[in-house]
Amino acid sequence: MDKLDCIYTFISVVENGNFSNASRNLGITRDQVSKRIFYLESLFSTSLFTRNTRKMDLTRSGEKFYQRCKVIVKELDLAANDFIYDQKYPEGILKVSAPHAFIQTCFSDIISNFLIQYPNIEIDLLFSEKTSEINEHKFDIILKIEEEVREENIFILNSYKRNFYATAAFLNKYGKPKSIEELRKHNIFLYSRADLENKTINSTPQLICNNIEILLDLCKKNKGILYIPDFLAKKYEDEGVIINCSQDIFSTKLHFYATTPYGSKIPKKVQLFLDSLKQHFQSITEVL
């Protein structure tokens, strides 16, 4: 039997004078009222009421219990009001973990726009590549970029490809690789150590660096070929600095997604940030 239902019933009996009036007040039968009071008395091994033909008086234990129950109900009401307020006017700290790669994208615009829209929310943002070492329960949202999505209850935001890029001068000098074997003859620079798992490369890279500017500098000096996600390359590809020299067999797909520790009961501030991410990446997809 639900203890809270029993407590509310007990308070109603006290304040309405008897079982009959309490049953009408609560919209339940008199027998249900009686069973709930009996449950509480059995639970605490004491009588809550002194019963007689005229009225029901509280025992000493019943009076103490009544005062405690009033405090419990008041606290529950306050907690409910706080929850409703938080849902309507979200505030507090939102802890987010994101891949380091997104430092070099429009991610700062997403954060800025969100904070303008919801000024009472404070974002605690950590950039990290080591998702395996992240304690998921310490974060409200964890953003990941992975080839395979293993978690449940995730929110797919976008998909990317990892391609090979080189300068026009490099390709004019050495030719565009037409096979995996030709590709492996060149120096390959990786953005992430996780890229070593790609069977296409199957060679030891000269450099692994999660800073696109350093990789780009080496590429512009025609020292090798970059293997990076297309969202990092887009700006420089649009400017004609580098050229995509991948064929379909060279490209691998990446999923950008969010996960939370809350299951289906997501707090309002977390849901708002997820919605902002979805809207942003949906608008990019529509433009493309």
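Asp-31 is partly exposed in this predicted model, with a relative accessible area of 47%. Its side chain meets that of Lys-35 in a salt bridge, with an N to O distance of 3.4 Å. Lys-35 is likewise partly exposed, at 48% relative accessible area. Both residues belong to helix H3, which spans residues 30-44, and they sit four residues apart, about one turn of the helix. An α-helix has 3.6 residues a turn, so residues three or four places apart point the same way.

**Salt bridges**

The structure holds four salt bridges.

Asp-238 is exposed, with a relative accessible area of 56%, while Lys-234 is partly exposed at 42%.

Helix H8 covers residues 212-220, and its buried residues are Ile-212, Leu-215, Leu-216 and Cys-219. Why do these residues lie on the same side of H8? They cover an arc of only 100° around the axis, and therefore share one side of the helix. Their cover includes four strands: E6 (154-166), E7 (188-190), E8 (207-208) and E9 (225-229).

The N-terminal end of H8 is capped by Asn-211. A side-chain oxygen of Asn-211 lies 2.9 Å from the backbone nitrogen of Glu-213. After the helix comes Asn-222, with a positive phi near 60°.

**Nonpolar cores**

Which residues have the most contacts inside the largest nonpolar core? They are Leu-143 and Phe-273, in a core of 42 residues. Helix H10 (residues 268-287) supplies the largest share of this core, six residues. Another core lies apart from it and has 18 residues, among them Ile-37, Phe-65, Tyr-66 and Val-73.

Leaving aside residues up to four places away in sequence, Leu-143 touches Val-96, Ser-97, Ala-98, Pro-99 and Phe-107, along with Leu-157, Phe-256, Tyr-257, Ala-258 and Leu-277.

**The chain as a whole**

The protein chain has 10 helices and 11 strands. Of its 288 residues, 38% are buried. Among contacts with a separation of 6 or more, 71% are between residues 24 or more positions apart. The accessible surface of the chain comes to about 17100 Å², and carbon and sulfur atoms account for 49% of that area.

Conventions. Residues are numbered from 1 along each chain as its sequence is written. This is a predicted model: local features need pLDDT of at least 70, side-chain atom pairs count only at pLDDT 80 or more; totals for chains, interfaces and linings use all residues. Side-chain values use heavy atoms; hydrogens and water are left out. Buried means under 20% relative accessible area, exposed over 50%, partly exposed in between (1.4 Å probe, protein chains only). Helices (H or I, at least four residues) and strands (E, at least two) are DSSP runs, numbered from the N terminus. The arc is that of the directions from the helix axis to the C-beta atoms. Contact means heavy atoms within 4.5 Å. A polar contact is a pair of N or O atoms within 3.5 Å; within protein, one must be able to donate a hydrogen and the other to accept it, and residues adjacent in sequence count only if both atoms are side-chain atoms. A nonpolar core is a set of buried Ala, Val, Leu, Ile, Met, Phe, Trp, Tyr and Cys residues joined through side-chain atoms within 4.5 Å. Accessible areas come from the Shrake-Rupley method with a 1.4 Å probe; for residues, only the protein chains shown count as cover.
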